[in-house]
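User: Hi! I am new to protein structures and would like to learn how to read one. Could you walk me through it?

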Amino acid sequence: MGDGQEERWSPARDPYAIAVSQAWWAFQAVLLFAADARNASGPAQQIYARQIFGQLRALRRCAEMQAKELDRLGVSDVDRACLDRAIEEFDAAVPDARHARDVLEHFDEYARGEGKLQRKTIRELGIDVYQAAAMYWGGGYDPETEQITEGPFVIDVPQAVEAVGQLFEAIYAAGRAVDGRGPK
């Protein structure tokens, strides 16, 4: 500031950079949890694997944040198109990530058959709350297939790890595109 006051740091000054740093943490967490799930046994294996759902969702949110920042800052359509393509590829690679995370996060609702997806399933299939609860319950990590399930949703861990790396790279590249614009 020009009046002698020190400018205070705020993440709101550079949210595009926050998207990059949060994406890096989510990327690293997925790598760590995937390796730990593969190498652990018993409850630890399941605990590590379940953490992947939340980190996939966090990374996706970072991508959404970065896209909003590219729009807000008027970064080139080419950079935005690259990020959009990476988001689409991520969604295609882990299509069940969001729903699996929601079931895990809102276990209290899903245990009672009151989850958002269950209510829709009850209406569409004409099933009762008990059938819906059973349909959306259970799962875990299978070390032989390297898949995690949560209710009807399945995540292939090696495919998720690859998708996470690619989406992180796109978020990072978008941040570099903002940096390349020079002073704001």
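Analyst: Gladly! Let us start with accessibility: a residue is called buried under 20% relative accessible area, exposed over 50%, and partly exposed in between, using a 1.4 Å probe and protein chains only. Keep in mind that this is a predicted model, where local features need pLDDT of at least 70, side-chain atom pairs count only at pLDDT 80 or more, and totals for chains, interfaces and linings use all residues. Residues are numbered from 1 along each chain as its sequence is written, and side-chain values use heavy atoms, with hydrogens and water left out.

User: Is Y48 buried, partly exposed or exposed?

Analyst: With a relative accessible area of 29%, Y48 is partly exposed. Y48 sits in helix α2; helices are DSSP runs of H or I with at least four residues, strands are runs of E with at least two, and both are numbered from the N terminus. Contact means heavy atoms within 4.5 Å. Leaving aside residues up to four places away in sequence, Y48 touches F33, D36, A37 and A40. The C-alpha atoms of Y48 and D36 are 6.2 Å apart, though 12 residues separate the two in sequence.

User: And what about Q66: buried or exposed?

Analyst: Q66 counts as buried because its relative accessibility is 0%. Q66 also belongs to helix α2. Beyond residues up to four places away in sequence, its contacts are Y16, A19, V20, L83, I171, A174 and G175.

User: How do I describe two helices that pack together?

Analyst: Two packed helices are described by the angle between their axes and the distance between the axes. Axes are lines fitted to C-alpha atoms, for helices over the stretch in contact, and angles run from 0 to 180 degrees between N-to-C directions. Here the axes of α1 (residues 15-39) and α2 come within 8 Å and cross at roughly 160 degrees. That makes α1 roughly antiparallel to α2, a term for angles over 145 degrees.

User: Which residues of α3 are buried?

Analyst: They are L83, A86, I87, F90 and A93. These residues cover an arc of only 130 degrees around the axis, so they lie on the same side of α3; the arc is that of the directions from the helix axis to the C-beta atoms. Their cover includes α2 (42-73) and α8 (157-179). On the face of α3 turned away from its buried side are the exposed residues D77, V78, E88 and A92.

Technical notes
Parallel < 35°, antiparallel > 145°, perpendicular 65-115°, else oblique.
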